[in-house]
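Here is a short briefing for a first look at one protein chain. Keep the structure open while reading.

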Amino acid sequence: MNSLQTPQCPSPRCALVLEEIALSGIVLLFLVLKSFGLNPNESDENIYFYNAWLMGQGFLPYRDFFFAHPPLHLIPGWLLLLVVREFNLTAFKLLPVFAALMTGLCVYLITRRFAGRIGAVVACLLFFFSHDLLRASSHWTGINWSVMWLTLGFFFVLKNKKIVGGILLGIAVCTGVYTAPAVFLICVMRFIARAGDGVRCAALMAVTLAVVNGVFLVIGGQAFIDGVYVFHTLKTPTDGSGLFDQLDKILFHNFFLMASPVYLLPFLLGWIKHGGWHQAESVSSGVKQKPRKADRAKTRAGWRVLFNPDAKENGAMVVGLWCFVVWLGTLFFLYLLTRVFHFYFLLLFPFAAVCGGVFAQVLTGSLWQAVRERRFRWGLLLGLLLLVAGYFVYPLFEHQMTYFKKEEGKTSTYSFPRSPLPHAIQRGMAFFFWEEGRVIGRRYSGIQYYLWHESRDFMTANEIAAALKTVKTSNETLFGDSTTTPLVALLSGAMITDHFVDTNVMRFKAGMPSARETIGQLERAMARSDNRFEWLLISPNKGIGGHLPFKNFFETRFSVFKTFTSPYFGTYLLMRRRSGSE
């Protein structure tokens, strides 16, 4: 298995046209699906919308407001505001879509360059239509941009573009710290392939990291260190927040993508045994050395052959090995975390997709050889058995989920999500991919689950913003749950009290700041004549509205002005400060 045998098309031009049609169709369908994800959501992305808007007004993260992520997380939103001038929800919702699209195209380029056209198309299918990629690319949480920079950096490192690759990997870490393990492994593998290249790549990454961190350390001081690094070490684990608690969901919704590195592993092991080390022996055998030195030289040559993507005859398997190592190393990193969110698994997706593409290329090459040579091939049988087994295995992961044990056989109904596309296209999508009722325990496509997810929008935000806009004055500010309040503030033109945007309960549990300190700050804001804390938006018994110290404070100092109801997320209370409660 020193090189992949790819089926030869009678007409190279015909093959290229078919490839372009397939890629265009995949991208077009992805963009049509993402048109259903442009609606408002109740999520943390609303924090980042408002923070980017604050930057557009001249305020800086860490110095003027708390921010729990690296600084480059907000830069795309800030740059967007320089173009559109004012907050536009649709434009901001397109930020993660753009990042996911760029990542997918990069996955295509990597697989196409090192494996072949069949593998490239398969890799795109696995990546673009995985449920959690579709779902996560509807929310600007930062993970999509982090993964985009990581994948671009990986591509340039594979091409031995050390300067660009190192800088992009540094940008990835400055966008999301959780990319650091993958970046480290990429630099190590480049070092193994060629020590000088690995050192230069790592040095440029480190310089980028140092410059960005240095600039914002000067701006934010201790607040920068606390928000980006210290805060995350203080998060307390909760039930259902570990790796294995999330893994059942990820494997159920993205099984063939996540299993692709495992599918490729037997072929990688076969190539290492019969290809990589065999070539290393031939490289080192011609050099006369003492036995001990010869053994060391052979070992070094073996590692270089295994991890050298510049060798054209081994390109596909080498890249498959790189991606497998990054996939496995990142999975181990997630295991070490005390809290794992489902979107963290996106760090694995580009590398798993490339593994899937290489596996498809190996499989089709094995099929082509079997037809051409008219003999049985064990590799082909193994690949087909793995695929068939996966089809019967992946539904079993749903059986491990808590909701399945309680609700098996239950039917839930959804409304078709909104999209700005023409009604004819929406009807076509509904015909192929939509079912109004979901029966727990029945199989559905990842696209169907995605459309159900998008139907759970937060259109109630427009009603709340309209009601607030009619009664608030310019010197009154708004405070509340961070998954809803920032969006309502942007839509209504209200300012958030003291730029206290992020009210995630994890902040108060970590003491950054404590609930008592925050209540004291709010009481002082209520006593001011200008920019007075007047309005409150919460959901009863959820988020900050259900956190006991705040719940008591809100009940005694505020009264309900108007109640709003969402069919999916329950009740929202728009509350006003009681007279004389300064």
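Two residues are in contact when heavy atoms lie within 4.5 Å of each other. By that test, Phe 154, Val 157 and Leu 158 in helix H7 meet Val 319, Trp 322 and Cys 323 in helix H15. The model is predicted. A search of the whole structure finds 17 salt bridges. The points below go topic by topic.

**Helix H7 and its partner**

- Helix H7 covers residues 143–158, and helix H15 covers residues 315–336.
- The two helices pack at an angle of about 145°. Their axes are 12 Å apart.
- The crossing of H7 and H15 is right-handed.
- Val 147 also belongs to helix H7.
- Leaving out residues up to four places away in sequence, Val 147 touches Thr 103, Leu 346, Leu 347 and Pro 350.
- Val 147 and Ile 26 are 121 residues apart in sequence. In space, their C-alpha atoms are 20 Å apart.

**Salt bridges**

- Side chains of opposite charge can pair when their charged atoms come close.
- Lys 542 and Glu 42 meet in a salt bridge through their side chains, at 3.1 Å from N to O.
- This pair links distant parts of the chain, 500 residues apart. Lys 542 sits in the loop between S5 and H25. Glu 42 sits in the loop between helix H1 (12–34) and helix H2 (45–56).
- Glu 42 is buried, with a relative accessible area of 18%.
- Asp 64 forms a salt bridge with Arg 63. The closest N and O atoms of this pair are 3.0 Å apart.
- Asp 64 is partly exposed at 25% relative accessibility. Arg 63 is partly exposed at 48%.

**A linked network**

- Which residues are linked in a network of salt bridges? They are Lys 162, Arg 190, Arg 194, Asp 197 and Arg 200.
- Asp 197 counts as buried, at 5% relative accessibility. Arg 194 counts as partly exposed, at 42%.

**Backbone points in loops**

- A cis peptide bond joins Met 512 and Pro 513, with omega about -5°.
- Pro 513 lies in the loop between helix H23 (505–509) and helix H24 (515–527).
- Arg 85 has a positive phi of about 75°, although it is not a glycine.
- Where is Arg 85 found? Arg 85 is in the loop between helix H3 (75–84) and helix H4 (89–114).
- Arg 85 is exposed, with a relative accessible area of 69%.
- Asn 541 is not a glycine either, and it has a positive phi of about 60°.
- Asn 541 lies in the loop between strand S5 (532–538) and helix H25 (548–557).
- Is Asn 541 buried or exposed? Asn 541 is exposed, with a relative accessible area of 58%.

**A nonpolar patch on the surface**

- Leu 79, Leu 82, Val 83 and Val 84 form a nonpolar patch on the surface. Together they have about 340 Å² of accessible area.
- Leu 82 lies in helix H3.
- Leu 82 is partly exposed, because its relative accessible area is 44%.

- His 253 is found in helix H12, which spans residues 243–253.
- His 253 is buried, with a relative accessible area of 19%.
- What does His 253 touch, not counting residues up to four places away in sequence? His 253 touches His 131, Asp 132 and Tyr 449.

Key. Residues numbered from 1 in each chain as written. Predicted model: local features only at pLDDT ≥ 70, side-chain atom pairs only at ≥ 80, totals over all residues. Heavy atoms only, no water. Helix = DSSP H or I, 4+ residues; strand = E, 2+ residues; numbered from the N terminus. Buried < 20%, exposed > 50% of the residue type's maximum accessible area, 1.4 Å probe, protein only. Patch = residues over 30% accessible without salt bridge, like charges linked within 9 Å, V, L, I, M, F, W, Y side chains within 5 Å. Areas by Shrake-Rupley, 256 points an atom, 1.4 Å probe, with all protein chains shown as cover. Salt bridge = Lys/Arg side-chain N within 4 Å of Asp/Glu carboxyl O. Axes fitted to C-alpha atoms, helices over the stretch in contact; angles between N-to-C directions. Left-handed = near helix turned anticlockwise from the far one by under 90°.
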